[in-house]
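Hi,

Here is the model I promised to pass on.

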Amino acid sequence: MRGLLGSVLGLPLAMMLCGLLAAILPIDWRDWLVLMMLLSLLVWALLIVLSGMARTPWRAGIGLLAANGLAWLLLQTTSLYGGT
């Protein structure tokens, strides 16, 4: 159950975290698209492992949901999605 939660909720979080990284770094992220995708896969694998290490599945689920919500809110404020 924990691995499933990490797989389902970890992928969007990994992509959003890499999107935040692309918004923070002052380089053209389109030139580094392949490396960003590889980085997001590594982050996704790390999130699956970390959620699998949680003692109970609900802790991993709540943590991943909260992190997804926070990353989504932060992405809305970046210039990638029309923020200032």
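**The middle helix and its neighbours**

In H2, the buried residues are Met36, Ser40, Val43, Leu47 and Ser51. Around the axis they cover an arc of only 65°, which puts them on the same side of H2. (Buried is under 20% relative accessible area, exposed over 50%, and partly exposed in between, with a 1.4 Å probe and protein chains only; the arc is that of the directions from the helix axis to the C-beta atoms.) The face turned away from that buried side carries the exposed residues Val34 and Leu42. H1 and H3 are what the buried residues of H2 pack against.

Before going on, the ground rules. This is a predicted model, where local features need pLDDT of at least 70 and side-chain atom pairs count only at pLDDT 80 or more, while totals for chains, interfaces and linings use all residues. Residues are numbered from 1 along each chain as its sequence is written, and side-chain values use heavy atoms, with hydrogens and water left out.

**Overall layout**

The protein has three helices and zero strands, running α-α-α from the N terminus on. Helices (H or I, at least four residues) and strands (E, at least two) are DSSP runs, numbered from the N terminus. The C-alpha atoms fill a box of roughly 40 × 25 × 15 Å along the principal axes. Of the 84 residues, 27% are buried. The accessible surface is about 5700 Å², and 76% of that belongs to carbon and sulfur atoms (Shrake-Rupley method with a 1.4 Å probe; for residues, only the protein chains shown count as cover). Among contacts with a separation of 6 or more, 75% are between residues 24 or more positions apart; contact here means heavy atoms within 4.5 Å.

Leaving out residues up to four places away in sequence, Ser40 touches Ala14, Met15 and Cys18, whereas Ser51 touches Arg2, Gly6, Ala60 and Leu64.

At 1.5 Å a residue, the 20 residues of H3 (residues 57-76) should span 28 Å, and the end C-alpha atoms are 29 Å apart, which agrees. (That expected span is 1.5 Å times one less than the number of residues.) Ala60, Gly61, Leu64, Asn68, Ala71 and Leu75 are buried in H3. They cover an arc of only 105° around the axis, so they lie on the same side of H3. Their cover includes H1 (2-24) and H2.

The largest nonpolar core has 10 residues: Leu9, Leu13, Ala14, Met16, Leu20, Val43, Leu47, Leu64, Ala71 and Leu75. H1 gives the most to this core, with five residues. (A nonpolar core is a set of buried Ala, Val, Leu, Ile, Met, Phe, Trp, Tyr and Cys residues joined through side-chain atoms within 4.5 Å.)

Cheers
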